[in-house]
Amino acid sequence: MSGEKGLAQFADDVDAYYEQLVALYWQQLKAFAVSRIGNALDAEDLVQDVFIRAYVALERYSVRQRQDLKARAWLYKITWNLYYNFVSRSPEQQGLAVALAERPDHEWQEIDEENGVNPEEVFEQLERRQELEALVAGLPQHYQAVVNLYYFEELSLQEVADVLNQPLGTVKVYVRRGIQQLRKTLQMRVNMVG
């Protein structure tokens, strides 16, 4: 089964559909929540809430609605809403847009040297991603969310618009302006070093 298209075959059985959703999206949503909250335990709780709400909703949906559901964007929207509820309830999280806490060792993918993966390359890729995440965290909050969902979570522009309840045109502008600001920041860093 590959992604959303494979989910349609389970549409007539809520439990099977739900199990496939969890299998496909648990890790993605958890990584997204950890990057926002900075605490793996809180992120785990949030993702559990996401899937509880998803299950309750799926029980109300018709087979046709489950077949037509854009599950990934729908789950990110639930996650996004619960994240903002969490931020508004948690004093230490208020105003936090992206937490770039050290990730525990068990959250990094294991490197399999026997399969030809070069550990140095993997480490460099992780370092570059962390640096980019740190730069994105420096953007104004309205750009952070759009850039994170578009580039790191790889949602389409329309899916980002749906998740954030923003017009598509606004999302496009925010992505463009966010990237422009990142380029300026990178250029300033290059000029300072060189």
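This is a predicted model: local features need pLDDT of at least 70, side-chain atom pairs count only at pLDDT 80 or more; totals for chains, interfaces and linings use all residues.

At its relative accessibility, does E154 count as buried or exposed?

Modeller: E154 counts as exposed, because its relative accessibility is 60% and the cut-off for exposed is over 50%. You will find E154 in the loop that joins α7 and α8. Its backbone is worth a look too: although E154 is not a glycine, its phi is positive, at about 60°. Most residues other than glycine have a negative phi.

If you follow the chain onward, you come to α8, which spans residues 157-164. Its buried residues are E159, V160, A161, V163 and L164. Just after this helix, N165 takes a positive phi of about 55°, and N165 is not a glycine either. N165 sits in the loop between α8 and α9. With a relative accessibility of 57%, N165 therefore counts as exposed.

The largest nonpolar core has 48 residues, and L21, W74, L75 and L149 have the most contacts inside it. Several helices supply at least two residues each to this core, among them α7 (141-152), α8 and α9 (168-193), along with α2 and α5.

Two packed helices are described by the angle between their axes and the distance between the axes. Here α2 covers residues 14-37 and α5 covers residues 71-89, and their axes come within 10 Å and cross at roughly 40°. The two helices are therefore oblique to each other, and their crossing is right-handed. On the α2 side, the residues that meet α5 include Y17, L21, Y25, L29 and F32. Among their α5 counterparts are W74, L75, Y76, W80 and F86. By class, this contact has 13 nonpolar, 2 polar and 2 charged residues.

For orientation, α3 covers 40-60 and is another of the helices that supply at least two residues of the core.

Note on methods
Residues are numbered from 1 along each chain as its sequence is written. Side-chain values use heavy atoms; hydrogens and water are left out. Axes are lines fitted to C-alpha atoms, for helices over the stretch in contact, and angles run from 0 to 180 degrees between N-to-C directions. Helices (H or I, at least four residues) and strands (E, at least two) are DSSP runs, numbered from the N terminus. Angles under 35 degrees count as roughly parallel, over 145 as roughly antiparallel, 65 to 115 as roughly perpendicular and the rest as oblique. A crossing is left-handed if the near helix is turned anticlockwise from the far one by less than a right angle, and right-handed if clockwise. Contact means heavy atoms within 4.5 Å. Ala, Val, Leu, Ile, Met, Phe, Trp, Tyr, Cys and Pro count as nonpolar, Asp, Glu, Lys and Arg as charged, and the others, Gly among them, as polar. A nonpolar core is a set of buried Ala, Val, Leu, Ile, Met, Phe, Trp, Tyr and Cys residues joined through side-chain atoms within 4.5 Å. Buried means under 20% relative accessible area, exposed over 50%, partly exposed in between (1.4 Å probe, protein chains only).
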